Amino acid sequence: VQLQASGGGLVQAGGSLRLSCAASGSIFSINGMGWYRQAPGKQRELVARITRGGSTNYADSVKGRFTISRDNTKNTVSMQMNSLKPEDTAVYYCKMAISTTGPGIEYIYWGQGTQVTVSS
């Protein structure tokens, strides 16, 4: 199983970006999906997550600005980021909990990371 993230880039404060992450390989089902970020010198932190049924959670710092979504038919998770701030600058990683052979056992997979830079 591989996760391929895309959509990062350089944007001015107040701008928008959309991140996407696609899973490929031997996949039975995908349960939780999420986006994390890690800024220089800081620990990786949860940004947003979404269950298979569509329930979402967001970090307080991004509530009202970021929206996570998923397409279960395409094994993808996306995140629309609006009103970006310089403090959103980080490497963003997607994460998925994937069952590969059947229900019950799942494994955690991470994407390779995509850089988001917000200039002031």
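This is a predicted model: local features need pLDDT of at least 70, side-chain atom pairs count only at pLDDT 80 or more; totals for chains, interfaces and linings use all residues.

Biologist: Which residues touch the most other members of the largest nonpolar core?

Modeller: Met81 is among them, along with Trp35, Val77, Met79, Tyr92 and Met96, in a core of 29 residues. Strands E1 (2-6), E3 (17-24), E4 (29-38), E5 (45-50), E7 (66-71), E8 (76-81), E9 (90-99) and E11 (114-119) each supply at least two residues of this core. E9 gives the most, with five residues.

Biologist: Why would such side chains be found together?

Modeller: In soluble globular proteins, nonpolar side chains tend to be buried together.

Biologist: How do you know that Cys21 and Cys94 are joined by a disulfide?

Modeller: The S to S distance for Cys21 and Cys94 is 2.0 Å, and the cut-off is 2.5 Å, so the pair counts as a disulfide. A search of the whole structure finds one disulfide. The link of Cys21 and Cys94 is right-handed, with 50 degrees about the S-S bond.

Biologist: What parts does the pair of Cys21 and Cys94 tie together?

Modeller: Cys21 lies in strand E3 and Cys94 in strand E9, so the link ties together parts that are 73 residues apart in sequence.

Biologist: What makes Cys21 and Cys94 buried rather than exposed?

Modeller: Buried means under 20% relative accessible area. Cys21 has 1% and Cys94 has 0%, so both labels follow from that limit.

Biologist: Why is Ser29 called buried?

Modeller: Its relative accessible area is 15%, and the limit is under 20%, so Ser29 counts as buried. Ser29 lies in strand E4. Not counting residues up to four places away in sequence, Ser29 touches Ala97, Ile98 and Ser99.

Biologist: And Gln4, buried or exposed?

Modeller: Exposed: Gln4 has 52% relative accessibility, and that label needs over 50%. Gln4 sits in strand E1. With residues up to four places away in sequence set aside, Gln4 touches Ser20, Cys21, Ala22 and Gln112. Gln4 and Lys74 are 70 residues apart in sequence, and their C-alpha atoms are 13 Å apart in space.

Biologist: How do you know that Arg70 has no salt bridge?

Modeller: The nearest side chain of opposite charge, Asp71, is 8.1 Å away.

Biologist: What makes the pair of Arg70 and Asn72 a polar contact?

Modeller: Their side chains come to 2.6 Å, against a cut-off of 3.5 Å. A polar atom of the Arg70 side chain also lies 3.3 Å from the backbone oxygen of Ile50. Leaving aside neighbours within four places in sequence, Arg70 is in contact with residues including Ile30, Asn31, Gly32, Met33, Ile50 and Val77.

Biologist: Where is Ser26, and what does Ser26 touch?

Modeller: Ser26 is in the loop between E3 and E4. Residues up to four places away in sequence aside, Ser26 touches Val1 and Thr100.

How values were computed:
Residues are numbered from 1 along each chain as its sequence is written. Side-chain values use heavy atoms; hydrogens and water are left out. A nonpolar core is a set of buried Ala, Val, Leu, Ile, Met, Phe, Trp, Tyr and Cys residues joined through side-chain atoms within 4.5 Å. Buried means under 20% relative accessible area, exposed over 50%, partly exposed in between (1.4 Å probe, protein chains only). Helices (H or I, at least four residues) and strands (E, at least two) are DSSP runs, numbered from the N terminus. Lys and Arg count as positive and Asp and Glu as negative; His and the chain ends are not counted. A salt bridge is a side-chain nitrogen of Lys or Arg within 4 Å of a carboxyl oxygen of Asp or Glu. A polar contact is a pair of N or O atoms within 3.5 Å; within protein, one must be able to donate a hydrogen and the other to accept it, and residues adjacent in sequence count only if both atoms are side-chain atoms. Contact means heavy atoms within 4.5 Å.
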